[in-house]
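Please read the following report alongside the sequence and the model.

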Amino acid sequence: MSFPHLLEPLDLGFTQLKNRVLMGSMHTGLEEEKGGFEKLAAFYKERAAGGVGLIVTGGIAPNMRGRLAPHACQLSFPWQVSKHKIVTDAVHEAGGKICMQILHAGRYSYHPFSLAPSKVKSPITPFTPSAMSARQVNNTIKDYASSANLARKAGYDGVEVMGSEGYLINQFISSRTNKRTDEWGGSYQNRVKFPLAIVKAIRDKVGKDFIIVFRLSMLDLVDNGSTWDEVVELAKSLEAAGVSIINTGIGWHEARVPTIATSVPRGAFAWVTQRLKTEVKVPLVATNRINTPEIAEHIIASGQADMVSMARPFLADAEFVNKAAANQSELINTCIGCNQACLDHTFSMKRATCLVNPRACYETEINFVPTTNKKRIAVMGAGPAGMAFSVYAASRGHEVVLFEAKSEVGGQFNLARKIPGKEEFNETIRYFTNQIKLHKVDLRLNTKLDAAVLKQEKFDEVVISSGVVPRDLKLAGFDDPRVVNYQQVLNREVEIGQKVALIGAGGIGFDMAHFLCEKESSTLQPDKWLKQWGIDKEYQQAGGLTDEAEHHPSREIYLLQRKTSKMGKGLGKTTGWIHRSVLKQHEVNMMTGVSYEKFDNEGLHIKVGEESQVLAVDNVVLCAGQESNRSLVDEMKATGLPVHLIGGVDVAAELDAKRAIRQGAELAMSI
Ligand code: FAD
Ligand code: NAP
Ligand code: SF4
């Protein structure tokens, strides 16, 4: 067997899990949609059939005031049971097991009725919570137990009690947020009474043969978090109170340390779970940035944990476990940690999906059924849009010829993958490369598609996915060889000096600044990365942070934009702050409201407001957006064949790979 430790069953006494894979909790947005539970059932059913050992649902509130948002899902009344049964039946039919996560958001609730141990506002929500009365504390404990009991009635195999990431239970545990002077506050023993009372109340209500997972915050990554000794003490008490599994929680949502973004090294926090291994007997789950069977196997085989939790990897590929079991990990569509279609959607109140797998959470809506009208299709360009179209169209039975002018597939992903912290983008290219082979797409590298090619071979339709070209700026002195564009820099066609000005501060401007200041990617060096973000593996202070993070500025960089708005405003909702922090660590000068005048031997002449300045830089790198590569569109249309445009060639503005891949998939579904 390829991954013997990962695929080994886990005996919980009263029940067995078929392997060590836990699908971590994710809110999809379907929970609140009309008819969403049927779609949710299809979503979970595919993951159960795909081999997951234990699924955990998105967070469900135990009462109204604990909801994360005003219309968030809650399980408190018997009439709410039936819709959950649609989900549990579907999962059981597919041979899976599923726990419902109970989540009370406390002061993270996004509504004015939020409740918390004390009246302390969180830095990431606009509402100040009310402090719970002792009666409300007792009622909330009962609500947890009642919700768990209803979950049992709905057919769930267990519940996960969300005790980490800074939600209500975490708020009780920490003196940072618990300022109470009654029996629920003060000493650590008093502060942990709340989670322990919840677990005991649930166990009393549901009996012995029901899984209780407790998600324990093992590393808070905020000031005044728990000390390591306190984490151990609570873990032991939870074990005694009857939990079946302890899952790892890393970092409160308000922590200023990335915990799941693509730049976090794979398995970067497994050492935290490992620290607890010798302290308790109950199975422990390692989490965060585990995205391949290889890293998951390593974590279990090396004794760092008994199970691994992966969440987003199951948006990217429902068949992850089955493919691992069949020794086909090269066919797994790997989660690249971008957050663009999952968490960024959730935070914008949109349905979650996946950049690399547009079917995620659309299982009943996007399907690639065999065609009854087979066509021969020419595709121009093997970037994300062209690759996605080709493999999905070929999977339906179309005959697809994919032309790529360059010597490799991937388009601009070949540039993205060179950015420190974006190494995961390699995996998407590897995935599509293998899918192209699997579905027998006729790939022609180093071959430009034009009208002449179309005259030599017979095609029924043409798909143009020729992408974008960098925007050129025609300003005085910009024809100097010291003024270059981002593609030349990333392809290492030019040498860049110590002092650099970057024109344009969109996603690519930020990435370019990062590329120029970080010579060796810290993402590939976990210990260096932990130091960069001030995380202390020795756990000497409460919360696990060090006093000083380590930074080494290496170049003098100016990142410029014309707009006067905040730098990086258009970056991902959940990742923009990380990009800004990295550039601050490297002391990049960020300037807004800039107009560009000329470049000469003195440097780049700019105006900020009415004030003229010269930035004495060695190079200027243009990151000023892109334009559609439409040079061959008219020529293609003139052939008389039906022509379709997808990805950057269709619309360059606000293009990202999420749109490019989705457009490719949607066209493949309908052609
Ligand atoms: P492209 O990727 O531009 O691909 C077009 C392909 O067509 C190319 O391979 C080209 O060689 C080929 N071609 C052109 N003409 C012909 C012809 N006549 N015949 C044959 N082949 C032809 N997006 C994100 O979503 N998230 C990110 O984090 C992200 N980071 C990025 C970082 C960098 C540094 C860069 C440069 C881009 C990044 N992007 C990111 C953007 C993303 O890569 C693009 O949105 C995406 O690649 C667009 O896909 P596409 O298929 O439309 O075009
Ligand atoms: P972009 O986000 O549109 O940014 C272009 C930048 O160039 C802006 O800062 C713009 O700011 C400036 N600009 C535009 N026209 C200009 C002109 N004529 N003269 C001077 N400056 C000009 O585009 P991008 O950075 O090229 O990125 C392309 C796409 O790739 C993005 O849409 C993004 O979605 C995707 N991407 C995403 C990520 C990610 O992390 N999610 C990373 C990289 C790329 P001003 O107009 O204010 O000067
Ligand atoms: Fe992973 Fe990005 Fe897909 Fe989210 S959108 S699941 S982070 S690949």
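## Helices, ligand and cysteines

Just after helix 15, Lys440 adopts a positive phi of about 55°; helices (H or I, at least four residues) and strands (E, at least two) are here DSSP runs, numbered from the N terminus. This is a predicted model, in which local features need pLDDT of at least 70 and side-chain atom pairs count only at pLDDT 80 or more, while totals for chains, interfaces and linings use all residues. Residues are numbered from 1 along each chain as its sequence is written, chains are lettered from A and ligands numbered from 1 in the order in which they are written, and side-chain values use heavy atoms, with hydrogens and water left out.

Helix 15 covers residues 425-438, and because its 14 residues should span 20 Å at 1.5 Å a residue, the 20 Å between its end C-alpha atoms agrees with expectation; the expected span is 1.5 Å times one less than the number of residues. Among the buried residues of this helix are Phe425, Ile429, Tyr431 and Phe432, where buried means under 20% relative accessible area, exposed over 50%, and partly exposed in between (1.4 Å probe, protein chains only). The buried residues of helix 15 pack against helix 13 (384-395), strand 14 (399-403), helix 14 (413-416), strand 15 (442-444) and helix 22 (657-670), contact being heavy atoms within 4.5 Å.

In helix 8 (residues 270-277), the buried residues are Ala270, Trp271, Val272, Thr273 and Leu276. Their cover includes helix 7 (228-241), strand 10 (245-250) and helix 19 (526-532).

Around ligand 1 there are 38 residues, of which Gln340, Glu404, Lys422, Gly648 and Ala657 come nearest; a residue is near if one of its heavy atoms lies within 4 Å. Helix 13, helix 14, helix 17 (486-490), helix 18 (507-517) and helix 22 each supply at least two residues of this shell. The table gives polar contacts, that is, pairs of N or O atoms within 3.5 Å.

| Polar atom of the protein | Distance to an oxygen atom of ligand 1 |
|---|---|
| Ala385, backbone | 3.0 Å |
| Lys422, side chain | 2.6 Å |
| Ser465, backbone | 3.5 Å |

The protein covers 92% of the 1,000 Å² of accessible area that ligand 1 has on its own, as computed by the Shrake-Rupley method with a 1.4 Å probe.

A search of the whole structure finds 0 disulfides, a disulfide being a pair of cysteine sulfur atoms within 2.5 Å. For Cys73, the nearest cysteine sulfur is that of Cys361, 14 Å away, and Cys73 counts as buried because its relative accessibility is 6%. For Cys361, the nearest cysteine sulfur is that of Cys354, 9.3 Å away, and Cys361 is likewise buried, at 1% relative accessibility.

Notes:
A polar contact is a pair of N or O atoms within 3.5 Å; within protein, one must be able to donate a hydrogen and the other to accept it, and residues adjacent in sequence count only if both atoms are side-chain atoms.
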